[in-house]
Every structure is written in C-alpha cells, then in structure tokens.
Amino acid sequence: MLHLTPTQLDHIERLQLRRDTASLMQLLSQAWPDVAEQLQARWPAFVDVALERAHQLGLKDMADQARYACLCCLWGASFETKPRFEWAAALCADAALSPTVRLHQLSHRSREELVRRAAKAEPTQQALTPGGFDKAIAAVEAGLAAITRGRAIYLDQPPTPRPKACDLGAISFAVAEPRPLQAYQGQDGAWRRADLPPWAPPPETLAAALEEPRVLPVLSRAVGTGASARLQLAVDTLAACSAHHPEVLHVSAAGRLAWRGADTAKLSLTLHAPPPDPKLGPAGIAHVEPPDLQTVSITSCGIRDTGAPLGQLQLGLQVHAATQRLVEVRHGAMPAQAWPAEGEPAAHTSTAATACHLEADGQAQPAPAWLKAWQGLQPLARTGLDKLFAAWSREMAGSSGRLEAELSPLVGQAGITWGWQHGSEGDVALRLQGAIDFTALVLDLRLAGELAWGASRARVSLRAHGRSEWRMALDQRGATAAEGQGLAQARCSWRHPFALTVEAMATGDPALLSAGPLPEALRGAVIGECGLRPRPDGRGMQWFYRLAIEPVHVLLLRQDPIGGTQRQRRELLPALVLIDWSAG
C-alpha cells in the first residue's frame, strides 16, 4: 500500500488546483462577465489568488473553491481581510465552523448584505442586485455540474448539489420504564415481591453539541415477557435539505430502525432488554445478562445560516433486563450410621427434606440439575464414609475395624435474590441480597479396631467431632458490600482434629503396646470448606462443598521386659477426600 506524507498530499492538492484553474477561469468568466471584462489581463491572476485563498481556508473541493471565487468576484479578492468586512473575518476565524459551513455562511451573509444595500439603494460592485447574484451562482452551479459529469466514471451518478441549510434546532427526550417493577424482599423468614421505587428522570432538551458521550441506564424487559421501556423523542428541525433529513437511527441487538423527514418530529422507541439464551439453561447465582448497548443517532447535514451547527447528536442506552431472580434451598440431616452394616443395607438418605426452588419475577423456573445435585449431597457423604471405613479396616487386625458416624453436611436453609436495580442516582448495578442459615457440618466420627505387632495387640479408637455453623446475611450492590456481607465472604471452613487412644490387650505375650507422642501435623483432622464460588463457565456462582481427611499416624511403643522398648510409626488413615460436590 502506498503511503503519502502530509507534504506530498499538499503537493498533490496544489497540482490538482492548477489543473482545475483553467476550467474554473472559463466558468467564472461566463458567470461574472462584467468582472472579467473590467480586469481584462489581470483576470487570470485574480482567479489564481481567489483559488489559492480558498485553499488556505481549507476548501479542498473544486466546487467549494469556485463558490468562494464567486464571493471574491462580488466583494474583491481576499475580501475577508479588508475593512468593512469584519463579519467575514469573524466567520473565517471561528474554529467551531467547518470549511463547508464557513463557506455557506459567507454566501448567506453576502446575500443578506446585498438585500440590505438594495433596500437602502447603496451601490455595490457592478451594481449587483440579489437577483443578479442568484443568477451568477446558478450559472456557476450549472457549469460545475457539467464538469463533474464529464469527469464521472459512472454516467448515472448525479453531481453533488450545492449545500443547503440543514440542521437540528434541538431534541427533547425522556425514558419511560415499565411500571411497576418488583424485587424480592425477605420478611419474617420468607421472600415476597414488593414494588421498587419508580425511576422517572425529567425530560431533557439538548440544543448544543455534547462535550462527552451521553449514556442512559435503563431497566426493561425482553420481547414477550411484558411491557418494555420506551424512549420518547421529539426532534425540532431548524432547516432541512430534503425529505431525508433529519434522520433518526435506532441501533440495537435486534437490528436497525430508521425514520426520516417529518416522521422524526415525535417518536416513541421501544427499548427491549436482551433475552437469555435458553440453550444454556439456568445461569448461576448472581449472574445477570450484560446490557444491550443501544444507540439513537439524530443526524442532519450540519449546515445552518448563522451560528455553530448542531449537526448530529447521539444518545447511548444501556438497556438492562429488569428480571429479579430468587433461589431457595432447604436440606436436612443424615441419620447416624454404622459399619460394618448388618443384614441388607437400608436406605440411609432421603430426599424428602431436600428442596431447591428457582424462580424469576414470581414464575417458577425449571432447574432439575440444581435439585438433583442437592439430592445427591447425602449419597456422596455416604460414599465418602464407605471409603473411610475401607481405609480404616485395611490397617486393623483381622476384621476388627468398626465405624460409627454422624455426618450431616449443609443442614438448614438459604435464600438468595439478585437482579439489576437502579441506585439512588439513577445508575444501574447488580443488587444481591440473601440469608444463609446452615449448619455447615454436624460431625461425630468414632472409629475402633485392634492393632497387632507380633503376638502383641492393642485396642485403638479414633474420634473427631464438632459442629460448624455458616450463618450470614448477603447485601451487595455492584462491587460494594458491608463487611462480611459480600459474595467474596460467602464461605465457611473448619478443622476438627482426631483424638487417639491406644489400650493394651492381654494376649499371653509379655510385650505390651501403647502410643507415644506425635506432632500435631501427624495426628490428622477432618477438614473442609463450603460456600459460593464462580462457575467454570463464568455464568455466575455455584454452591460447593469439600470434606477431606488429613493423614492420621500413630507411634506404637512395644515394651518388652526382655527386649526393651521398640518404636514403630504407622499410618492409620491416608489422605482422603470424602465429599467434593457442587450445585448450580
């Protein structure tokens, strides 16, 4: 690709200007014959000076340069730099005006000056009247159209017309959200829906260009789920070049809608929220669909007879789904169990005390995977205890291993609600509230058996017991929450150490077994953690629960009256994961 420097581009523009000069000189002499006749031999130099000055004023197009040259034919070369033309100098110095707008306003003001002088019978150059000025301009435009057609690649492509006044006067707008919007609130241990305070910003009017982008946060509903928010828009047109302006363009995830001309005077635009993808199933806790970033653009040519034009205004709209969701969970305790089981194994778990209910805006949502996961927590605990008993029995002499267990994870209930809501300043953020009332773990593990060392034996018992509570209130808006009430703190951990006893047994062997001291790190414990964590797919949070066994060792002492004391360290339990579970 060929890249040109600014200097090279300037040289090319000047070369094009010299090539255009011959065509424009003839055209201008036909439109302004009196001026050409008066200047005679100085006419080519006059046209060169006018076109060069047009280039300095930022007029790069040949047609704009010819139009500026017409003004020079009326008032004289570089007229804006001369006395009595302070109005022209002010327009040329106004940085808020583009070159095209500046030229239009110079032409408009020039004609107003002709009208004013004609009313006062003041003489002008060549005694030109407003009608004569219009005739000369029309002749130049006709000539420019002929030159453009001669240079066009496609013959059906019409030449660009002379710019006309086309601008916005002002726009007025207001957002109307559906009413009432409701959210869940906890009352007396139950969750009930209540009306949210309405957010109704006053109508606004914009009559000047925006210094920074304007973005409006909106709560609405998806198509087919109820009334949606609307943007009430009124466009005041200062001037229009054709029936195609002004133009209002509404762009959203659903597509593009456009209105033109008189249809833009008053509009009511529907702002639909983005719908969830049904193929993905229920999202996790605290997941909300990102807002649909919509835009409403109001455009015109941006040309007015006086003053800085408004041109184009654009409003940004962050359309959030107003859906409020609720999940309620109830989970019961497991009965005490013993190993080895006698007779046929009984059903040790029940799903009757397990419930998982998900709803959105008062409507129940199917979540069979969530309920199945919660109903599977107690069977997972039973499987973990089977593993624990198997590992214990391998270290015991013969079939002496025994296990009595009371182990209940997440006993209690919880309710969490979340959704987009307005703040006190009108901003929209995720609002999450909840109440968690769980006994994270009810634990009483009692393991018993016999250890053998040669002919010596000892009874050994191992016990871990305790109770861990997980109770907290959740109240978070966006990333802000009071201490201990945010999602990041929604977890609980524990460590319940084992207590070991060793009792020597009389076997006829004079050597007796006992236990020696060991560091705490070798004595083992039941450890675990539960709470809320991000889902692997990133769509919200999920419940999780992990329960494990730290390795348990014993230092056996064999005290023989003849052979003295012998020491042996044994592993009674290896590292085990009893439960690794998640739901949601």
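The legends below describe close-up views of a predicted model.

**View 1. The largest nonpolar core of the predicted model.**
This core has 75 residues. Those with the most contacts inside the core are I285, W374, L388, W470, W543 and W581. Strand β17, residues 428-453, gives the largest share of the core, 12 residues. L388 touches L403, L445, L447, I549, L573, L576 and L578, when residues up to four places away in sequence are not counted. In soluble globular proteins, nonpolar side chains tend to be buried together.

**View 2. Helix α5 and its buried face.**
Helix α5 runs over residues 86-93, and its buried residues are W87, A88, L91 and C92. Seen down the axis of α5, these buried residues fall within an arc of 135 degrees, so they line one face of the helix. The face turned away from the buried side carries E86 and A93, both exposed. The cover over the buried residues of α5 includes α4 (62-75) and α6. An α-helix has 3.6 residues a turn, so residues three or four places apart point the same way.

**View 3. The salt bridge between R109 and E113 in helix α6.**
The side chains of R109 and E113 meet in a salt bridge, with an N to O distance of 3.4 Å. Both residues lie in helix α6 (residues 99-119); because they are 4 residues apart there, about one helical turn separates them. R109 is partly exposed, with a relative accessible area of 31%, whereas E113 counts as buried at 8% relative accessibility.

**View 4. The salt bridge between R495 and E550.**
The side chains of R495 and E550 form a salt bridge at 2.8 Å, N to O. This pair links distant parts of the chain, its two residues being 55 residues apart. R495 belongs to strand β20 (residues 491-497), while E550 is in the loop between β24 (541-549) and β25 (552-560). R495 has a relative accessible area of 35% and is therefore partly exposed. E550, at 21% relative accessibility, also counts as partly exposed.

R535 and D537 meet through their side chains in a salt bridge of 2.7 Å, N to O. R535 counts as buried at 11% relative accessibility. D537 is partly exposed, with a relative accessible area of 45%.

The peptide bond from R179 to P180 is cis, with omega near -10 degrees. P180 is found in the loop between β1 (167-176) and β2 (182-187). The bond from H245 to P246 is likewise cis, with omega near -5 degrees. P246 lies in the loop between β6 (229-239) and β7 (247-252).

S78 is not a glycine, yet has a positive phi of about 50 degrees. The residue sits in the loop between α4 and α5. S78 has a relative accessible area of 19%, and counts as buried because the cut-off for that class is under 20%. L410, a residue other than glycine, has a positive phi near 50 degrees. L410 is found in strand β16 (residues 402-422) and is buried, with a relative accessible area of 1%.

**View 5. A nonpolar patch on the surface.**
L2, L4 and L9 form this patch, and together they have about 300 Å² of accessible area. L4 lies in the segment before α1 (6-31). At 37% relative accessibility, L4 counts as partly exposed, since exposed residues have over 50% and buried ones under 20%.

Notes
Residues are numbered from 1 along each chain as its sequence is written. This is a predicted model: local features need pLDDT of at least 70, side-chain atom pairs count only at pLDDT 80 or more; totals for chains, interfaces and linings use all residues. Side-chain values use heavy atoms; hydrogens and water are left out. Patches are made of residues with over 30% relative accessible area and no salt bridge: like charges are joined within 9 Å, nonpolar side chains (Val, Leu, Ile, Met, Phe, Trp, Tyr) within 5 Å. Accessible areas come from the Shrake-Rupley method with a 1.4 Å probe; for residues, only the protein chains shown count as cover. A salt bridge is a side-chain nitrogen of Lys or Arg within 4 Å of a carboxyl oxygen of Asp or Glu. Buried means under 20% relative accessible area, exposed over 50%, partly exposed in between (1.4 Å probe, protein chains only). A nonpolar core is a set of buried Ala, Val, Leu, Ile, Met, Phe, Trp, Tyr and Cys residues joined through side-chain atoms within 4.5 Å. Contact means heavy atoms within 4.5 Å. The arc is that of the directions from the helix axis to the C-beta atoms.
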